Amino acid sequence: MEWKGRRQSSNVEDQRGASPGGLGGGPFGRGGGFRIPTGGGVRRAGGGLSFGTIIFLVILYFLLKAMGIDMLQVLEGGPVNMPGFEHSDGSQVPRGSAEEEEMKAFMATVLGETEDTWNGIFQAGGEQYEEPKLVLFSGAVQSTCGFASSASGPFYCPGDRKVYLDMSFFEELEQKFDASGDFAQAYVLAHEVGHHVQNLIGVLPKFAQMRQRMSEVEANQMSIRVELQADCFAGIWGKYTEQKGLLQRGDLEEALNAATQIGDDTLQKRMQGYVVPESFNHGTSEQRMKWFKRGFDSGRMSDCDTFSGSV
């Protein structure tokens, strides 16, 4: 995919290295910072600090100062920037490797391309597209939808309208699921943005309401239709990307292969050696590939109706 030199979205929140807990909400503050307790300590009977404690605190202050940690800022309740971290958008972010930073730039570019696509589609329909945020995290993250670890994979939270992604997932996608390539990675993000589109047009709120009255099997069947529509919407983005001349030879095959490798049946065969169709909630490999390709071939939202008839 030709992406370098193109616009990068500004809707990216880099929380890599940040603690999923809020500042003061646990033993550690946000981003690995910490607070020194101001009460207690070793005191004389008269209430003052002992001479030895004062000497210790002075030495500790200068040691931490040499490490780049300003304890006066900590005691005032301000953020702490640890060495090797840079402060951005209220969270501390580790300086990643060159490969990680290039991946971040790629994700920001793909997000920008999805913004261009969906802004155009919504405007053509007389509507305004509300752009989602992309949150990059490492290890674990706290969203409005709750706590999630990297094992959860990329996800979209309707409550805060943000896509959450640990970029280490792409290593797993390539090494564990044999789905390599930059367009395969772009498909993953475009799928989650597809869920955001569903949220805006009312699909996700309606599903959330309906599933309260559904059995687990029924909810799984409806979930499949929701996921396949997000695949179809990702295909629509792929269509617009192709029209811009950004696709390279083999890109479409990369996305279709990724859709195949993360189908419920393929995943279950790989993990446990057999499939349990009643537990499917994303769709089979054939279904996921079919609906991505339908969106890619058509480029129209009207052709992504996964809720009428069979899928």
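Student: How many of the 28 residues of α7 are buried?

Tutor: This is a predicted model, in which local features need pLDDT of at least 70 and side-chain atom pairs count only at pLDDT 80 or more, while totals for chains, interfaces and linings use all residues. Residues are numbered from 1 along each chain as its sequence is written, and side-chain values use heavy atoms, with hydrogens and water left out. Buried means under 20% relative accessible area, with a 1.4 Å probe and protein chains only. By that criterion α7 is mostly covered, and the number of buried residues is 20.

Student: Which backbone oxygen does the side chain of Asn-220 reach?

Tutor: Leaving aside residues up to four places away in sequence, Asn-220 touches Glu-278, Ser-279, Phe-280 and Asn-281, contact meaning heavy atoms within 4.5 Å. At 3.2 Å, the side chain of Asn-220 reaches the backbone oxygen of Glu-278.

Student: At what angle do helix α8 and helix α10 pack?

Tutor: Helix α8 spans residues 251-261 and helix α10 residues 285-298, with their axes 7 Å apart. Axes are lines fitted to C-alpha atoms over the stretch in contact, and angles run from 0 to 180 degrees between N-to-C directions. The packing angle of α8 and α10 is about 145°.

How values were computed
Helix = DSSP H or I, 4+ residues; strand = E, 2+ residues; numbered from the N terminus. Polar contact = N/O pair within 3.5 Å; in protein donor to acceptor, adjacent residues only side chain to side chain. Buried < 20%, exposed > 50% of the residue type's maximum accessible area, 1.4 Å probe, protein only.
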